[in-house]
Every structure is written in C-alpha cells, then in structure tokens.
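Please examine the sequence and the three-dimensional structure shown below. The paragraphs that follow lead through its charged pairs, its nonpolar cores, a strand pair and a loop residue.

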Amino acid sequence: LKESETLVLTKGLTLNLFSYDELKRATNGFKHELGKGSFGTVYKGALYKSKKLVAVKRLEKLVEDGEREFRAEMRAIGRTRHKNLVQLLGYCVEGSKRLLVYEYMSNGSLADLLFKGIRRPDWDERLKIALDVARGILYLHEECKAPIIHCDIKPQNILMDNFWTAKISYFGMAKLLMPDQTRTFTLVR
C-alpha cells in the first residue's frame with residue numbers, strides 16, 4: 001500500500017486504497033469467514049506489514065444493488081469517526097471487484113452474544129451495550145455534518161470489540177440527509 005493511494009473524504013479523514021491481491025493475501029485466500037449478508041461475505045484478515053487484524057467485506061452481488069450498497073457504505077461510514085461505530089479503514093475497486101476493509105471486532109456480534117453465547121450478558125452489561133448503541137445513533141443523527149439514518153439497526157449489525165464496546169456496523173442501507181433536510185422518505189427497507 002502506497003501512502004499516495006488514499007481517498008480523502010473530508011478534512012483529516014482518509015481511506016486506504018488496497019489492491020485485490022493485497023486483500024486476498026491478507027485473508028489467506030478468503031478462507032476464514034466471519035459472516036455472510038445479502039450482498040457479500042466478511043472475512044478475517046491481517047494486513048501484511050502491520051499484522052493488524054481486519055474484517056474484509058467482499059461484495060458478491062455486483063449488479064446495481066451491490067454497487068449501490070458499496071457506494072452507500074463508502075459515503076456513510078467513510079466520513080465518520082466515533083467510538084461506537086465500526087471504523088472503515090479502506091477499500092478496493094478493481095474492475096468488478098468491490099471490497100471494504102474494516103477494523104476487526106474480536107467478540108463478534110450482539111446477536112451471537114445474546115442468542116449463541118455460553119453466558120448471556122447481565123443487566124449492567126446490557127445497559128452498557130444499549131448506551132453504546134444509543135451514543136452511536138445520537139452521533140449519526142445529531143453530530144454528523146450530514147446526518148445519517150442507518151435503516152437497519154439489529155443485533156446482527158452491532159459488533160463487540162476487544163473491550164466489549166458495542167459498535168454499529170453495516171451501512172449499506174444508510175440514508176444521508178442534506179444539512180438543511182429534516183425528514184426523508186426511506187421506504188420499507
């Protein structure tokens with residue numbers, strides 16, 4: 001990855017541009033699947049030089065909806081920095097290949113914790129998770145320059161980091177509001 005290969009989204013915020021080969025190597029040939037959604041699969045990876053763990057989302061439906069999802073995620077989460085949002089680190093666009101690189105969330109999803117875990121969170125832990133999610137939504141709705149409506153908050157889209165901090169993920173259905181816009185029509189998503 002060359003330092004010049006970045007996308008500047010807004011002042012001070014940039015995304016790294018990765019090659020498809022770099023991400024294929026980082027994920028060991030897309031072997032360790034973390035999850036699958038309607039538009040793609042997420043794989044665990046490690047960046048070559050830093051050995052930093054990442055989650056690589058490979059969009060598989062490259063029809064119009066897949067391209068729309070890719071652009072929506074880039075626009076929505078690429079401009080944000082908040083402790084309760086999963087951070088988008090970079091992307092890959094090569095021919096028809098579209099990949100997004102996120103920070104790795106070591107403790108999986110809230111859905112896994114609630115429904116598949118050996119031990120369910122106690123009430124204090126649940127309150128902390130609810131507050132983390134509420135802080136993320138408050139940031140999206142009130143503190144972003146262009147407010148973002150997520151449109152798909154559910155336990156599968158809340159991820160847990162090393163410290164059990166809840167972070168909102170998956171912005172493929174997000175809707176950005178213009179600075180002077182107070183309402184939007186989102187249809188049933």
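**Salt bridges, cores and a buried loop residue**

The count of salt bridges comes to 6, where a salt bridge is a side-chain nitrogen of Lys or Arg within 4 Å of a carboxyl oxygen of Asp or Glu. The model is predicted, and local features therefore need pLDDT of at least 70, side-chain atom pairs count only at pLDDT 80 or more, and totals for chains, interfaces and linings use all residues. Residues are numbered from 1 along each chain as its sequence is written, and side-chain values use heavy atoms, with hydrogens and water left out.

Side chains of opposite charge can pair when their charged atoms come close. Lys 116 is exposed, at 67% relative accessibility, while Asp 112 is partly exposed, at 33%. These classes follow relative accessible area: buried is under 20%, exposed is over 50%, and partly exposed lies in between (1.4 Å probe, protein chains only).

Helix α4 (residues 123–143) holds Lys 128 and Asp 132, 4 residues apart, about one turn of the helix. Their side chains form a salt bridge at 3.0 Å, N to O. Lys 128 is partly exposed, with a relative accessible area of 35%, whereas Asp 132 is buried, at 4%. A network of salt bridges links Lys 128, Asp 132 and Arg 135. A further salt bridge joins Asp 152 to Lys 154, with the closest N and O atoms 3.9 Å apart. Here Asp 152 is buried at 16% and Lys 154 is partly exposed at 36%.

Which residues have the most contacts inside the largest nonpolar core? In this core of 14 residues, they are Leu 110, Ile 129, Leu 140, Ile 158, Ala 166 and Ile 168. A nonpolar core is a set of buried Ala, Val, Leu, Ile, Met, Phe, Trp, Tyr and Cys residues joined through side-chain atoms within 4.5 Å. Two or more residues come from each of α3, α4, β9 (158–160) and β10 (166–168), and α4 gives the most, with 4 residues. Neighbours within four places in sequence left aside, Ala 166 is in contact (heavy atoms within 4.5 Å) with Asn 84, Ile 129, Asp 132, Val 133, Ile 158, Leu 159 and Met 160. A second, separate core of 12 residues includes Leu 23, Phe 30, Leu 89 and Leu 99.

Strand β6 (residues 88–94) is mostly covered, with 5 of its 7 residues buried. It runs antiparallel to strand β7 (residues 97–103), and 6 bridges join the two; strands pair if DSSP finds at least two bridges between them. Gly 90 stands opposite Val 101 in β7. The hairpin of β6 and β7 has 2 residues between the strands, and Gly 95 takes a positive phi near 60 degrees there.

Thr 27 lies in the loop between α1 (20–26) and β3 (33–36). Beyond its neighbours within four places in sequence, Thr 27 is in contact with His 32, Tyr 43, Lys 44, Gly 45 and Val 56.
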